[in-house]
Amino acid sequence: MANPIIQVQGVHKEYGRGKKTVHALKNINIEIMPGEFVAVVGPSGCGKSTLLHVMAGLEQPTDGRVLLDGVDVTLISERDLPKVRAQKIGFVFQAFLLIEDLTAYENVEAVLWPIKDLSKAKQEDMTLDVLREVDMLERRDHFPRQMSGGEQQRVAIARALVNNPPILFCDEPTGNLDSKTGESILKIISRLNKEKGMTVVLVTHNEELTKYAKRVLRMKDGAIISDR
Ligand SMILES: Nc1ncnc2c1ncn2[C@@H]1O[C@H](COP(=O)(O)OP(=O)(O)OP(=O)(O)O)[C@@H](O)[C@H]1O
Ligand SMILES: [Mg+2]
């Protein structure tokens, strides 16, 4: 039996202090196995993004631990965290967050620039491969302002995938897209899950999109209220 790739143990997250404290996550416990496709749903403000950020090591929990591949991300130093994240996770945000003065190609390749022992030719191969996967090869020299929302999101997905991370976190990746474009983005993510065995955790408020997931976590007021 394989080991879980993501373990969330007794996680609490509080924002602020005193009377204004927001208890965004309340005793969250989750185990996700390699290759799972998990959707996280729930009303606005229930803690979905916070959970995803804590899982990805982008935010520290107030209490509890998160293990990625058995490694406690809450114990990794600030200095080493970006490296660990780069090896293990890809993150797709609702706002695509592409760099405006880089082309599609450069936005994706930039992820590989800090990796010292990767030749320029290898970086180019990896970038072109992943742009092909999301069908953006022809638009590779376009800047974000020259692309549609769906195209920008496909580049953002390519960027999250270029270093072949075992885990892909997506926070409302289709929230800014029309439903047809959203479906096509989900189909790409679903194919990566099936063909490459990539573990996917997808936050969405769109019930329709949970059909792509094999497991759905429902949240309310910072807690998980159902898991099946
Ligand atoms: N930096 C912050 N400081 C204070 N409170 C915060 C902060 N970030 C989030 N919160 C609060 O934590 C709670 C959970 O927020 P979160 O962003 O996780 O919700 P969400 O489920 O992703 O909502 P949405 O569907 O609207 O994106 C909310 O009450 C929010 O106001
Ligand atoms: Mg959110």
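## Close-up views of a predicted model

View 1. Helices (H or I, at least four residues) and strands (E, at least two) are DSSP runs, numbered from the N terminus. Five of the five residues of β7 are buried, so β7 is largely enclosed by the rest of the structure.

Before you explore further, here is how to read these views. This is a predicted model, in which local features need pLDDT of at least 70 and side-chain atom pairs count only at pLDDT 80 or more, whereas totals for chains, interfaces and linings use all residues. Residues are numbered from 1 along each chain as its sequence is written, chains are lettered from A and ligands numbered from 1 in the order in which they are written, and side-chain values use heavy atoms, leaving out hydrogens and water.

**View 2. The strands beside β7.** β6 and β7 run parallel and are joined by four bridges; two strands pair if DSSP finds at least two bridges between them. Look for Phe91, whose bridge partner in β7 is Phe169. β7 and β8 also run parallel, with five bridges joining them. There, Asp171 has Val203 of β8 as its bridge partner.

**View 3. The largest nonpolar core.** A nonpolar core is a set of buried Ala, Val, Leu, Ile, Met, Phe, Trp, Tyr and Cys residues joined through side-chain atoms within 4.5 Å. Which of the 39 residues in the largest core touch the most other members? They are Phe37, Val108, Val155, Ile157, Leu161, Leu168 and Ile189. Among the elements that give two or more residues to this core are β3 (37-41), α4 (120-133), β7 (167-171) and α6 (179-196). The largest share, six residues, comes from α5. Apart from this core lies another, of 30 residues, including Ile28, Val40, Val66 and Ile89.

**View 4. Val201 in strand β8.** You will find Val201 in strand β8, and Val201 is buried, with a relative accessible area of 1%. Leaving aside neighbours within four places in sequence, Val201 is in contact with residues including Ile6, Ile32, Val38, Leu52 and Leu168; contact means heavy atoms within 4.5 Å.

**View 5. The largest pocket.** On a 1 Å grid over the protein atoms alone, a pocket is an open set of points where a 1.4 Å probe fits, with protein on both sides within 12 Å along at least five of seven lines, and lining residues have an atom within 4 Å of a point. This pocket has a volume of about 420 Å³, where volume is the space filled by probe spheres set on the points, which are joined across faces, edges and corners. Of its 17 lining residues, Ile89, Gly90, Phe91, Val111 and Arg159 are the closest to the centre. The lining has 12 nonpolar, three polar and two charged residues; Ala, Val, Leu, Ile, Met, Phe, Trp, Tyr, Cys and Pro count as nonpolar, Asp, Glu, Lys and Arg as charged, and the others, Gly among them, as polar.

**View 6. The second largest pocket.** This one has a volume of about 230 Å³. Its lining includes Lys83, Gln87, Val111, Pro114 and Asn163.

Terms used: Buried < 20%, exposed > 50% of the residue type's maximum accessible area, 1.4 Å probe, protein only.
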